[in-house]
Amino acid sequence: MGHRTPRDQTSLLTYGAKADETSVLVGLSNFEDGKVEGTAIMGAPEIPATDSASGPLALADVDGDGELDLFVGGRSVPGKYPAPATSRLFLRKAGKFIADESNAALFQDLGLVSGAVFSDLNGDGAPDLALAIEWGPIAVFLNDGRGKFANATKKLGLAGELGWWNSVTTGDFDGDGRMDIVAGNWGRNSKYEHHYDAGHPLLVHWGEFGGDGITQVVESHFDHAMSKLVPERGLSCSSLAMPFIKKIAPTYEKFGGSGLEDLYGDKLGKGPSLKASTLESKVFLNRGDRFEARSLPVEAQLAPVFGISVADFDGDGGEDIFLAQNFFAAQIETPRIDAGRGLILRGDGKGNFLPLTGPASGIQIPGDARGSAVADYDGDGRPDLAVAQNGAPTKLFHNTGGKSGLRVRLAGRAGNATALGAQIRIGGGDKRGPVRELHGGSGYWSQDSAVAVLPAPAPGAKLWTRWPGGKETVTEIPAGARQVTATAPGSAEN
């Protein structure tokens, strides 16, 4: 019998504390009702709602005690967009999620978090946290191994990458054993494209400009012909929200010749504002002490990117990327952005990507696509793909063209039965394939299968596993095997 969620559903995660059980967590957003009463997570009633609507969820054992802990991204504050929302971290103790006070100040008023993934970015065996922030950067928080996080965004060279980031996940795209980042942004095919450059970012201001106690939003950009900041939205839209604009600029001609200061005086200067300097979806290659930003191919920039999934779809040994595209729910003066059809980017194993056409990949989704997830649902050794749509059915794509690979199942310890956070790769001699990491939530509010598919191994190759906490094992792969199971050291099955 089905269950209805009492509020809008956001992320959905599954995990198993024991091998024979599965628990489900469903994010519940108070965006529409604005209330702080009730719970924020179905499946964890002990987690209360706050004035920040919940968005992405991510699971990992952040403090090394064997239990999976939960990050709840603050997506927005109802009625006060784009005021920064507060994100929260909860530690799993005695079967319940308990608010983690040691990191609370770090995540207080963090921003509009739209994507989250735990990933070991510095290779020390502890899950770090990467976040996609709208009107902000791809933020990285490094874990000291005991669950205490530090903001390393600036140190890693990411602080200047300010965008309308929608989603984020990680993968070893250049095969060097380090986890790289891929993030979905708004793209370069919207009305905003010619309104910003390196020295003149897009801006958003907010405050009670009308004196009626209602938070209003003003978007702006620099007009080179007028040499001043001008409003992004037109007269009808602006004056409908703030009637005083009509008194200052009663005609379209007057409004068109006015800058922000002409329309709002010093009201905007006294209030907060945020910037966006890039709308490109990008990959960030991990160079150890920094991340190197690379724009994804132009086909990836034709529409906003939400769902992101990483898998070796063709089985050639290089990690590929799927992007879910489009956005239909634009405000009245903005046309919907619908040039995407969903996109497979074929990786060459060196950090470069070749976009495949719809007929070549079999992916053609003209709708308003959102989350995406990878799972070999039929057990044939090829990663299949599920893609959700806004206002339309979820699509399931059966992989029939890729080379069949090796299914890898991990038997973790009690508290984390599927070993979320583990890293695996296949190798023989001095040659190793790219690292694959098991994520408890990634991309856009989605979660891939805990059974991974790696490229078919060469004779004599072995499976390398680094388990949550940093211990490593090597598992023999029998000749001709289509599936292998690795068991965590110290687990009941070992």
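In the predicted model, Phe 97 is in contact, beyond its neighbours within four places in sequence, with Tyr 15, Leu 25, Ala 44, Glu 46, Ile 47, Leu 59, Leu 68, Asp 69, Leu 70, Phe 90, Leu 91 and Arg 92. Phe 97 also belongs to the largest nonpolar core, a set of 32 residues in which Ile 41, Leu 70, Phe 97, Leu 410 and Leu 463 touch the most other members. At least two residues of this core are supplied by each of strand 1 (8–15), strand 4 (53–60), strand 5 (69–76), strand 28, strand 29, strand 32 and strand 35 (483–487). Strand 28 provides the largest share, 3 residues. A second, separate core comprises 19 residues, among them Leu 121, Ala 152, Met 179 and Trp 464.

Two loop residues were also examined. Gln 447 is located in the loop that connects strand 31 (436–437) with strand 32 (452–454). Because its relative accessible area of 16% falls under the 20% limit, Gln 447 is classed as buried. A polar atom of the Gln 447 side chain lies 2.7 Å from the backbone nitrogen of Thr 14. Apart from neighbours within four places in sequence, the contacts of Gln 447 are Leu 12, Leu 13, Thr 14, Ala 373, Leu 420, His 439, Gly 440 and Gly 441.

Gly 421 occupies the loop between strand 28 (406–411) and strand 29 (423–428). With a relative accessibility of 29%, Gly 421 is partly exposed. Its contacts, again excluding neighbours within four places in sequence, are Glu 437, Leu 438 and Pro 468. The C-alpha atom of Gly 421 is separated by 7.5 Å from that of Asp 61, a residue 360 positions away along the chain.

Definitions and conventions. Residues are numbered from 1 along each chain as its sequence is written. This is a predicted model: local features need pLDDT of at least 70, side-chain atom pairs count only at pLDDT 80 or more; totals for chains, interfaces and linings use all residues. Side-chain values use heavy atoms; hydrogens and water are left out. Helices (H or I, at least four residues) and strands (E, at least two) are DSSP runs, numbered from the N terminus. Buried means under 20% relative accessible area, exposed over 50%, partly exposed in between (1.4 Å probe, protein chains only). A polar contact is a pair of N or O atoms within 3.5 Å; within protein, one must be able to donate a hydrogen and the other to accept it, and residues adjacent in sequence count only if both atoms are side-chain atoms. Contact means heavy atoms within 4.5 Å. A nonpolar core is a set of buried Ala, Val, Leu, Ile, Met, Phe, Trp, Tyr and Cys residues joined through side-chain atoms within 4.5 Å.
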